[in-house]
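Here are a few exercises to work through with the model open. Try each task before you read its solution.

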Amino acid sequence: MTYIGRRGLLAGAAGVLAATAAVGLAGEAAARGRTGAVPERAGAGGGGGRAPAVEFRGMWIASVENVDWPSESGLSAAEQRAELIALLDAARERRLNAVMLQVRPAADALWPSPKEPWSQWLTGVQGRDPGWDPLGTAVTEAHRRGLELHAWFNPYRVANHTRLDRLAASHPARRNPGWTVAYGGKLYYNPGLPQVRAFVQEAMLDAVSRYPVDGVHWDDYFYPYPVSGQRFDDDDAFERYGSGFASRADWRRDNIDTLVREMSAAVKRIRPAARFGVSPFAVWRGDDVDPLGSPTRAGVATYDDLYADTRKWVVERWLDYIAPQAYWHIGHPTADYAKIVPWWAKTVKGTGVGLYVGEALYRCDEDSPTAAWRDPAELSRHLTFAARYPQVGGHSFFSAKHVLADPIGAMDRVVADHYPSAAPPR
């Protein structure tokens, strides 16, 4: 298969933050000293949230498996906070204006949630109080630096293993084992159960109601990515709830559609200024199977394989923005960046839904087998290409540790070529 999402990226980040913490306050002071407006771009929200005209310059901070932050589990509260501040300072140093912080990586929480246990990625033990409030601190410190803070949630992932007895004793999945499905060596909540859909929304909306977040953000995990030789066993749920649908696939898509539609309405009701966005795998469908699809052959499509009808969510304006993970180089033989971006620009045109292109900074590596990713100018060329399309309202970079370390200077090149001045607050 040729798809490239965030799967397989769950490698520890130990040492990266420590080696780059010097970005710190000096970097922020330098950023604050810059003046000048950035060009205004399209990107009005469609679902009722704010509709800023300022270019979106984002960065993902992943907490699952300590990908970005904390650099390892079990650090002290002071060490965790210092690392988080270093990341926010780095965002300002790179002239960004938004961060997406993963605060519910696996049916757990990076805030004092009454619904779910503290995340194991903080202390190493699920349910153990880390001694501080990471999300509350992140919102305060991001806003202090003129950064938007989008709370990034994963709706259905329960664990990167299948053992219910390894979860905290109070975990909802342990109390409701019938809510879960084991698949591909991992544990998921079953999207086909109405009680699951209600619960995961309650869990996420607790954070939305508590904190003045600027956005509610989901990534590319809905139904799980396909695993060869395995099936997602939702037979019982389909028998109970799927009778009105022509196929199981249609029923699964409706389950995810309903979650998106309900969450969109709830976010606008609870925190009207917050914007609701999704960062899906960038291929909805190929035009070989659907004339509305993109001229790509990615091996996986969100519509057919993840049961996520991402195009519909834009057309129906359930989202304020979409940030497709366009994690391929210009000229890729089956999923060309230069074909994906125009397709998304056409898709959002006239909807009012913002389009922020997800960029694969993590792939910029001198040891990459792909020549394009060994070239520090590849990502800069992406932004130059995307600028041809007025519907593109900005970009977001995966992920934070690569924004800091920038091993081949690709982020430096982006900043030099495209972010000549500090980004004003959105």
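Of the chain's 426 residues, 62% count as buried. Keep in mind that this is a predicted model.

**Exercise 1.** Work out how strand 1 is covered and which strands it pairs with.

*Solution.* 
- Step 1: Find strand 1 at residues 56-61 and check burial, taking under 20% relative accessible area as the cut-off.
- Step 2: Look for the neighbours. Strand 11 (residues 392-397) pairs with strand 1 in the parallel sense through 4 bridges, and Arg-57 stands opposite His-395 there.
- Step 3: Now try strand 2 (residues 98-104). It also runs parallel to strand 1, joined by 4 bridges, and Val-99 is the bridge partner of Met-59.

**Exercise 2.** Describe how helix 14 packs with helix 16.

*Solution.* 
- Step 1: Start with the geometry. Two packed helices are described by the angle between their axes and the distance between the axes.
- Step 2: For helix 14 (residues 378-386) and helix 16 (residues 410-418), that gives an angle of about 35° and axes 7 Å apart. The crossing is right-handed.
- Step 3: List who meets whom. Helix 14 brings Leu-379, Ser-380, Leu-383 and Thr-384; helix 16 brings Arg-413, Val-414, Asp-417 and His-418.
- Step 4: Sort this contact by class, and you get 3 nonpolar, 3 polar and 2 charged residues.

Technical notes: Residues are numbered from 1 along each chain as its sequence is written. This is a predicted model: local features need pLDDT of at least 70, side-chain atom pairs count only at pLDDT 80 or more; totals for chains, interfaces and linings use all residues. Side-chain values use heavy atoms; hydrogens and water are left out. Axes are lines fitted to C-alpha atoms, for helices over the stretch in contact, and angles run from 0 to 180 degrees between N-to-C directions. Helices (H or I, at least four residues) and strands (E, at least two) are DSSP runs, numbered from the N terminus. A crossing is left-handed if the near helix is turned anticlockwise from the far one by less than a right angle, and right-handed if clockwise. Contact means heavy atoms within 4.5 Å. Ala, Val, Leu, Ile, Met, Phe, Trp, Tyr, Cys and Pro count as nonpolar, Asp, Glu, Lys and Arg as charged, and the others, Gly among them, as polar. Buried means under 20% relative accessible area, exposed over 50%, partly exposed in between (1.4 Å probe, protein chains only). Two strands pair if DSSP finds at least two bridges between them.
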